[in-house]
Amino acid sequence: MRTSKPNINELLSHPLTIATLVLTISLILLFLPLKVSNGIKMACVVPVRPFQWATFVCSKTASGFFHRIASVWKENETKTLLENEIAELKNKIIELQDTNYRLQDKLISVSEFKKEQKKPKAKIIPADIIGYDTSIFRRSITINIGTKHGVKNNNIVVTDNALVGLIAAAGRRTSLVQLITDPASRIPGRILQTRDQVIVEGNASPFCQLKYVPRWAELKKGDNVITSNIGSFYLSSFPVGTVVESEIKGGALFQNVKVLPAVNITKIENVLVIKE
Amino acid sequence: MRWITFFCILFCISLFQSTLMNWINIGIAVPDFYFPLVVFYSFFIDVKRNVITSWFTGISKDFFSEGVLGINSIFFVAVGFFIWSIRGMLFRGHLLTKILVTFVFSIVYNIFYALHTAITYRSLNISSTIWMIFICSLYTAAVAPFLFFIFDKLQPTRNLYFMEK
């Protein structure tokens with residue numbers, strides 16, 4: 001009696017086999033540790049990065065061209081420069097104001113803390129943005145520096161003295177920055193004016209939300225949110241955003257607070273990575 | 001079906017989606033160019049190739065997105081398979097069918113993705129997420145005919161119909 005041997009080609013030609021195979025691969029990838037999956041991701045997109053960079057440069061050049069044409073009519077260029085300068089100075093003032101508050105607190109309450117505790121002087125690396133996130137529910141950018149330039153995972157990314165996010169995956173020449181508006185982002189923060197501690201959380205919208213703001217905290221529209229050094233993950237006193245709306249629902253313990261990030265990510269082209 | 005054409009289209013979509021989105025977004029409405037590709041191939045090719053194209057589309061979206069690998073590939077394979085299984089009931093050549101199928105399934109896909117994000121990170125706001133799903137799906141459906149036209153030029157559907165038989 002002849003028995004037919006299972007042929008691998010026949011097996012692979014069956015749709016169910018293909019579906020099972022690809023879904024198994026997807027599930028394996030899904031349950032990989034984030035570090036490993038980020039490593040795979042960064043390695044697989046390496047050949048595409050130069051094209052991504054070239055496309056971005058072309059788009060930036062085209063954008064600049066259109067911008068120049070527009071500025072001839074409206075003198076927009078000078079205005080934008082001045083606005084950027086004002087935004088930078090405003091953020092600087094917030095930072096200085098925060099330092100001032102902290103120093104006052106220290107003088108009054110704890111006399112033995114004479115020296116301000118600061119992290120060692122950090123090294124700053126400038127980087128260009130070369131890509132954005134392709135998902136509508138995630139917020140990240142790709143920058144053109146990586147481990148070769150000294151970037152490490154969890155380094156802080158800023159622009160105009162305001163917080164942008166942190167390095168989620170550092171490749172050799174490029175890195176993925178998780179923005180403060182990403183749903184996975186959690187930043188220890190503080191309300192500048194009231195000194196309340198908060199957690200700044202992204203929710204995939206252009207705004208962030210504050211968690212664990214007690215209902216009795218007196219927040220006003222326009223209050224500034226800055227980073228705190230709780231957890232020693234972020235450097236303190238970086239402006240994160242401004243309170244735009246606060247609401248107390250029924251008997252809830254905490255307020256719902258909406259924060260507008262200090263940085264409009266769609267309008268910036270480069271960032272600074274703070275390397276400790 | 002020419003695989004090289006498929007991978008070229010996928011490459012171009014990945015480049016466009018990851019670099020030039022700020023040029024065409026309207027507020028928070030961002031179109032998903034990967035999705036019409038899944039719908040296009042689900043309409044016109046056999047189930048085996050459909051699964052493979054959907055998987056590659058999903059995994060390339062994962063590569064250019066923050067978060068775990070594999071999630072988009074699972075969703076795209078599922079959506080592609082479902083569209084393939086109901087395509088007999090649809091008049092696939094009509095413009096309205098393309099727009100409606102893209103819109104409806106984009107909403108379904110985005111709801112599942114939002115659920116995954118909400119369960120994993122517990123940080124999505126319901127009202128703003130629903131609004132975002134709606135307008136992003138609408139925008140994706142609005143650009144779908146244009147993308148279908150391009151895909152049709154690059155990968156003629158007459159050949160795909162022929163292969164189906």
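Trainee: Let's start with pairing. Which residue stands opposite Lys123(A) in strand 12 of chain A?

Mentor: General idea before the case: strands of a sheet pair through backbone hydrogen bonds, either parallel or antiparallel. Keep in mind too that this is a predicted model. Here, Lys123(A) stands opposite Lys275(A) in strand 12 of chain A. That strand covers residues 270–275 and runs antiparallel to strand 1 of chain A, with six bridges joining the two.

Trainee: How many bridges join strand 1 of chain A to strand 2 of chain A?

Mentor: Three, and that pair runs antiparallel, with strand 2 of chain A covering residues 140–143. You can pick out partners along the way: Tyr132(A) has Ile141(A) as its bridge partner in strand 2, and Ile129(A) stands opposite Ile143(A) in strand 2.

Trainee: Now a loop residue. Is Ala217(A) buried or exposed?

Mentor: To judge that, count the other C-beta atoms within 10 Å; 20 or more makes a residue buried. Ala217(A) is buried because its count is 20. The residue lies in the loop between strand 8 and strand 9 (224–227) of chain A.

Trainee: Which residues does Ala217(A) touch, not counting residues up to four places away in sequence?

Mentor: With those set aside, Ala217(A) touches Thr194(A), Asp196(A) and Gln255(A).

Trainee: Over to helices. At what angle do the axes of helix 1 and helix 4 of chain B cross?

Mentor: For a helix pair, look at the axes and then at the residues that meet. The axes of helix 1 (residues 3–19) and helix 4 (residues 47–63) of chain B come within 10 Å and cross at roughly 25°. That is why helix 1 of chain B counts as roughly parallel to helix 4 of chain B. The crossing of these two helices of chain B is right-handed.

Trainee: Which residues in helix 1 of chain B meet helix 4 of chain B?

Mentor: Phe6(B), Leu10(B) and Ser14(B), which meet Thr53(B), Phe56(B), Thr57(B) and Ser60(B) in helix 4 of chain B. Sorted by class, this helix contact has three nonpolar, four polar and no charged residues.

Trainee: Last one. How many residues does each chain give to the contact between chains A and B?

Mentor: Chain A gives 45 and chain B gives 41. On the side of chain A that touches chain B, the elements giving two or more residues include helix 2 (15–30), helix 4 (49–74) and strand 1 (123–132) of chain A. Helix 2 of chain A gives the most to that side, with nine residues. By class, the side of chain A that touches chain B has 25 nonpolar, 15 polar and five charged residues.

Note on methods:
Residues are numbered from 1 along each chain as its sequence is written. Chains are lettered from A and ligands numbered from 1 in the order in which they are written. This is a predicted model: local features need pLDDT of at least 70, side-chain atom pairs count only at pLDDT 80 or more; totals for chains, interfaces and linings use all residues. Two residues are in contact if their C-beta atoms, placed from the backbone, lie within 7 Å. Helices (H or I, at least four residues) and strands (E, at least two) are DSSP runs, numbered from the N terminus. Ala, Val, Leu, Ile, Met, Phe, Trp, Tyr, Cys and Pro count as nonpolar, Asp, Glu, Lys and Arg as charged, and the others, Gly among them, as polar. Axes are lines fitted to C-alpha atoms, for helices over the stretch in contact, and angles run from 0 to 180 degrees between N-to-C directions. Angles under 35 degrees count as roughly parallel, over 145 as roughly antiparallel, 65 to 115 as roughly perpendicular and the rest as oblique. A crossing is left-handed if the near helix is turned anticlockwise from the far one by less than a right angle, and right-handed if clockwise. Two strands pair if DSSP finds at least two bridges between them. A residue is buried if 20 or more other C-beta atoms lie within 10 Å of its own, exposed if 12 or fewer, and partly exposed in between; C-beta atoms are placed from the backbone.
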